[in-house]
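Let's take a walk through this chain together, one stretch at a time. Please keep the sequence and the model side by side as you read.

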Amino acid sequence: MDRSTDRVSQINLPDFDPFYSVASWYRDYAAYCGLSDNGEKVHAVVAQLGRKKPVMRKELGAASQSDTPDSECPAPHWQRQPTRVTFDHGSGPTLTFDIRGHAADVVTDPEE
């Protein structure tokens, strides 16, 4: 929503399926678990408003294809300083990424 004009616009989140995933927002970034086109793979995705391609997209593993909403992974967690996002995919390892502008780096030691 543009606060100066009160105009609402639809946003595009690549690979986002609102039934299986929840988006977590930090400033103009959205982090969520996306599904591949055929629904067999789950990806960790960070998208930035105003950009067509995601800032980061990493495969997490096979999709469970459950009939339960929000079943692929819980909402990712954001950290402010430095800007990081953590994905906790139930069947795989927890992954943390540093977000710097239009790029992302894997954090090898989350205690850093």
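Residues are numbered from 1 along each chain as its sequence is written, and side-chain values use heavy atoms, with hydrogens and water left out.

How confident is the predictor? The mean pLDDT (the predictor's confidence in each residue, from 0 to 100) of the chain is 82, and 85% of its residues reach 70 or more. Where pLDDT is low, the predicted coordinates should not be read in detail.

Now back to the strands. Helices (H or I, at least four residues) and strands (E, at least two) are DSSP runs, numbered from the N terminus, and two strands pair if DSSP finds at least two bridges between them. Strand β3 has partners in both β2 and β4. With β2 (residues 29-35) the pairing is antiparallel, over seven bridges. With β4 (residues 56-62) the pairing is also antiparallel, over six bridges, and here Val 45 has Arg 57 as its bridge partner. Seven of the eight residues of β3 (residues 41-48) are buried, so this strand is largely enclosed by the rest of the structure; buried means under 20% relative accessible area, exposed over 50%, and partly exposed in between (1.4 Å probe, protein chains only).

The hairpin of β2 and β3 has five residues between the strands, and in it Gly 39 takes a positive phi near 80 degrees. Ser 36 also sits in the loop between these two strands. Its relative accessibility is 15%, so Ser 36 counts as buried. The side chain of Ser 36 reaches the backbone nitrogen of Glu 40 at 3.3 Å. Leaving aside neighbours within four places in sequence, Ser 36 is in contact (heavy atoms within 4.5 Å) with Lys 41 and His 43.

Further along, look for the loop between β5 and β6 (84-88), where Pro 82 is found. A cis peptide bond joins Gln 81 and Pro 82, with omega at about -10 degrees.

Next comes strand β7 (residues 94-100), which holds Asp 98. Asp 98 has a relative accessible area of 9% and is therefore buried. Its side chain makes a polar contact with the side chain of Arg 84, at 2.6 Å, and another polar contact, of 3.2 Å, joins the side chains of Asp 98 and Arg 100. A polar contact is a pair of N or O atoms within 3.5 Å; within protein, one must be able to donate a hydrogen and the other to accept it, and residues adjacent in sequence count only if both atoms are side-chain atoms.

Finally, turn to the segment before β1 (24-26), which includes Asp 6 and Asp 15. Asp 6 has a phi near 60 degrees, a positive value in a residue other than glycine, and Asp 15 has a positive phi as well, near 65 degrees.
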